[in-house]
Amino acid sequence: MWSQSCHKKMLILLECDCSEWLLNSLEICMNEPRQHLTYNGKSVSLLIVLLCVGFAGNYFAMPLFTGFNYLFGSIPVLLVVRIYGIRWGFAAGVVASSWTIALFGHPYAMVWLCAEPLFIGWLLSKGKVRNIILYDTLYWPFLGVPLMWCFFRYVMHASLLGTVTAMLMYWVIGICNALIASLLLAYVPRLTNAGGPESNRSIPIHQLIFNLLMAIVVIPAIVVLILNGRDAEQRYLNVMYDNLEDSSRIALYETKLKLQKQIGILSELSRLSEKINFNEPGKRIDQLQMSVELLQKSNVDFLAIYLGNAAGVSIARSPSLDAQGRSIITMDYSDRGYFRTLRDTRGPVISDMIMTRGSRTVPSVAIAVPFISQGVLQGYAAAGIRVDILKALLLNARVRPHQQITLVDGTGKIIASTNSALSPLDAYDSCKNGVMSRVTANSIYSCLPNPTALMPLWQRAQTATYMLSAPMAEVTSWSVVVETPFEPYQQQLLKDHVKSLLIALCLNMLALATSLYTSRRLSAPLRRLSQVTTDLPQRLLREKINIWPESMVTEIDQLIGNFRVMATALSQKFQEITYANETLELHVCERTKELTKANEELQKEIAERKLTERQRDHLMDELVSQVRFLQTLINAIPNPIFYKDSSGHYQGCNRAFEECLGVSHDEIVGKTAHDIFPPQMAEMIHKSDQELFERRGIQVFEAQMHYADGLSHAVVFYKATYDDTHGNLSGLVGNIVDITDRKQAEAERNHLMLELKQKNKELEGIVYVASHDLRSPLVNVQGFSRKLVKNCAELDRILSGLDLDAPTWTLVEPIIRGNIPKSLGFITGSIEKMDGLLSALLRLSRLGRASLCFDTLDMQVILTKIIASMTYQIEASGARMELGTLGACLADQEQVIQVFSNLMDNAIKYRSPERPLLVRIFSEDFTEGIRYCVEDNGIGIPHDHQDKIWEIFQRLNPDDSEGEGLGLTLVRRIVDRLGGSIWVESEPDLGSRFYLVLPKPHAMNQE
């Protein structure tokens, strides 16, 4: 993954201010003159050991906290920089940091870990001070921290808190590792001696003092930092574990309590049914049905409840009707698993997730309680429980809002979950696309997702999830799974780490400043004496030394006095030698000038030759690199590519061309088409090549080509000629595109379009015939229902004239004047509704067959007529219509009138009772056509219903409005036939805007 995206992401690094220094340092590393090292067995062995120790220091990195590790690899790297120079230091940095790719999951740590030896080596080569602790302290704020900021924030998109923690931690670790390396160099002299005579350098006394003072402060601070970090991490983990256990206990208790309550309700129902013989229907069965219905309505937890006999057939059930109004009381539940368990165990049973039967089919769980008489199973009471009730229990059981609780049945299916992404009946996967491991003895597990992109180790740990699964063994085979993300706890932990790291860094900076000052003051007299006596003979020849340092240390003051006496004696001897040297120097100076001039001319000539050779070698390398790049590029292209010379011989091809022909590259180069292809195909290719060579340019044609798989493929040849540097024809390059799949897809698409047109035609015919055939029995039902109304009125008149006793009249009067007229009223209303639906279906079926007459319509006149025809509806509703500027369109007049009539009728029908209705109609001219807008201030349409209103038989408020729900369906189909489009924009309680786009007259004429 890194190899595919490194070039893009490294561009971000090059945009940083520090990237220019990195490139300059790399150039210094490549051009650095070799140190005068003695590469004997001892020095080479030490170098190899340091390289291996550097890699091992990162391989065995010590875990600190929260995905952070202490890397020891930079200690040997700094030793290599100090002993062997910047070149080997950079190589050691690459070797040591290479393991961080596997350790951290990204390669970017190599950048700042390799830049560290470059920076320190560069300062060591440029400066007089050889203090790697000071240089490493300067490296992190000036280069290391900006590099980490660029990569973490802009390449890996890490969080700000984690980035700051990583920067501070690497800074503190870098200073500590530099201190350890400096201590090794100071107190293990064999390390520096192993590099040869040039590496055998003495160590300044101020450096020794500085190292000791820094070690006194830095090393204890690092130890305290590590111990405190681990203690803080364990403390937050313990808090998280306690929260998981608390949520699990609450969820188990609440769920068991709810299930036991429902079992108790069903047990009471069972006891009521013990004396009823289910095989003899009668009045007591009817009373039991009423009890079941009353219990189901009074308990919102039940989706359905029923009483069943010993055979598993229900004899009382609520709901008792299905969606079509048919009775479903006597349903067979003997195939249900919970019935078989109840029959075998003779005790209460709680099922796993099932799909309910009856009026609705939804996921649910069933509870069944048997009733037994004289040791024989007589029947049982069962109920389906609403899973949303269980979800509400789980939501209240959470101790922390970021926790997720899932209830899982014995088969591993989800019953209810606080996680909206998990649905009932889905299989529960506790750690999908991740690695699960046990973290505590009480069954708490962690799930660390597999990395899907380059990310730091601590950022991957941030996405971890901890979970606790607890079974409900006493009640059922269910279990409760509590999950919590580690991110909230990690954020608090990182804040504590930032504080600790800042304190440690401040202590390091304070120790650095104090150690520098103290070591300089203690070693100042010796340093001044060293400066005064450096190159003492030459200084005595130039001047007389009068200023000598002073010290309160006896040994140092005695040493200064000895140097003073020695300087006086040397000064007298040098005066005697000076005169003799002056004469000799005059002759040497003249001869030196002559030799210098000749040497300069020779060096200039040598430099010019070397420059020419380097330019030649550079051009050859670039040419070879370009050739390799081009060959790699065409090999990566999946289509076959080839190129020929002007005589038709193949000069090269890509790997796809070799695979399609089934021959190797060596068998193609230098051959013609007649040597590779069958005669007929070869002749066709040869003729097309000759035509292209004659007229030059580009050539495209289709052909049939046999591939190495033995099948004939439909292909397209794309060929073009190319010229040499003098403009002469050099050859051609070709590309072959396989279009076999596209040809087959086009044939299948045409066949499916024909079948679709035929099916639509058959469907329209079926709707038309069904609408006509259903109307005849509907008219008969309507006529006989009216006749029954007249007969009931006549019967009421006859009974009113009879002298009936009061009890009889009390029984007859509600039936004659109440129940029968009310039932006939329902029948009449249903007939009228069915008649309206049939008429709407007939209109819908005729819509596709109606012919269209396109004409330029004056919409101002048409809308005025529509408003005039709806005057009664407008005045009755108290509405006000406003017409804006309406542009002309090209459409069928009758269809347009029907569209706008339906839209205006809907605006009146769904007006708001809180304000007078205002309907505005206006248009706008666009490139795609004329866009009309019908705007009202009605009740509006909720966002989740705005797509449903276009469907057939869909109404916004079915109980409060009239109609069949076909108006907007007809509107959309009419607009589609007219070549336009329609959509709605609406807000509840604010109103709606229906936008309608129709063709413009001039646009249709141009077509």
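Modeller: Contact here means heavy atoms within 4.5 Å. The model is a predicted one.

Biologist: With that cut-off, and not counting residues up to four places away in sequence, which residues does W112 touch?
Modeller: W112 is among the residues with the most contacts inside the largest nonpolar core. Residues up to four places away in sequence are not counted. The residues that W112 touches are then H106, Y139, W140, G144, L147, M148, F151, F152 and Y170.

Biologist: Is L184 buried, partly exposed or exposed?
Modeller: L184 is found in helix α9. Buried means under 20% relative accessible area and exposed means over 50%. L184 has 30% relative accessibility, so it counts as partly exposed.

Biologist: What accessible area do L184, Y187, V188 and L212 have together?
Modeller: These four residues form a nonpolar patch on the surface. Together, L184, Y187, V188 and L212 have an accessible area of about 320 Å².

Biologist: Is T255 buried or exposed?
Modeller: T255 is found in helix α11, which covers residues 205-272. Leaving aside neighbours within four places in sequence, T255 is in contact with L393, L394, L407 and M472. Because its relative accessibility is 1%, T255 counts as buried.

Biologist: Which strand is joined to β21 by four bridges?
Modeller: Strand β21 covers residues 880-883, and its partner covers residues 918-926. The two run parallel.

Biologist: What separates the C-alpha atoms of R880 and L917?
Modeller: R880 has its place in strand β21, and its 46% relative accessibility makes it partly exposed. Leaving aside neighbours within four places in sequence, R880 is in contact with L917, L918 and V919. R880 and L917 are 37 residues apart along the chain, and their C-alpha atoms are separated by 6.3 Å.

Biologist: Do β23 and β24 run parallel or antiparallel?
Modeller: A hairpin joins β23 to β24 through two residues. S923 stands opposite Y932 in β24. Eight bridges join β23 to β24, which covers residues 929-936, and the two run antiparallel.

Biologist: Is the peptide bond from S318 to P319 cis or trans?
Modeller: S318 has its place in strand β4, residues 314-318, and P319 lies in the loop between β4 and α13. With a relative accessible area of 4%, S318 is buried. Not counting residues up to four places away in sequence, S318 touches V292, E293, Q296, A304 and I305. Omega for the bond from S318 to P319 is near 5°, and the bond is cis.

Biologist: What is the phi of R346?
Modeller: R346 lies in the loop between α13 and β5. At 39% relative accessibility, R346 is partly exposed. R346 is not a glycine, although it has a positive phi of about 60°.

Biologist: Is D989 buried, partly exposed or exposed?
Modeller: D989 is found in the loop between β25 and β26. D989 has a positive phi of about 70° although it is not a glycine. Its relative accessibility is 57%, so D989 counts as exposed.

Biologist: Of the contacts between residues at least 6 apart in sequence, what percentage join residues at least 24 apart?
Modeller: The chain has 28 helices and 26 strands. Buried residues make up 41% of its 1007 residues. Among contacts between residues at least 6 apart in sequence, those joining residues at least 24 apart come to 62%.

Biologist: What percentage of the accessible surface of the chain belongs to carbon and sulfur atoms?
Modeller: The accessible surface of the chain comes to about 55,900 Å². The share that belongs to carbon and sulfur atoms is 57%.

Methods: Residues numbered from 1 in each chain as written. Predicted model: local features only at pLDDT ≥ 70, side-chain atom pairs only at ≥ 80, totals over all residues. Heavy atoms only, no water. Core = buried A, V, L, I, M, F, W, Y, C linked by side-chain atoms within 4.5 Å. Buried < 20%, exposed > 50% of the residue type's maximum accessible area, 1.4 Å probe, protein only. Patch = residues over 30% accessible without salt bridge, like charges linked within 9 Å, V, L, I, M, F, W, Y side chains within 5 Å. Areas by Shrake-Rupley, 256 points an atom, 1.4 Å probe, with all protein chains shown as cover. Salt bridge = Lys/Arg side-chain N within 4 Å of Asp/Glu carboxyl O. Pairing = 2+ DSSP bridges.
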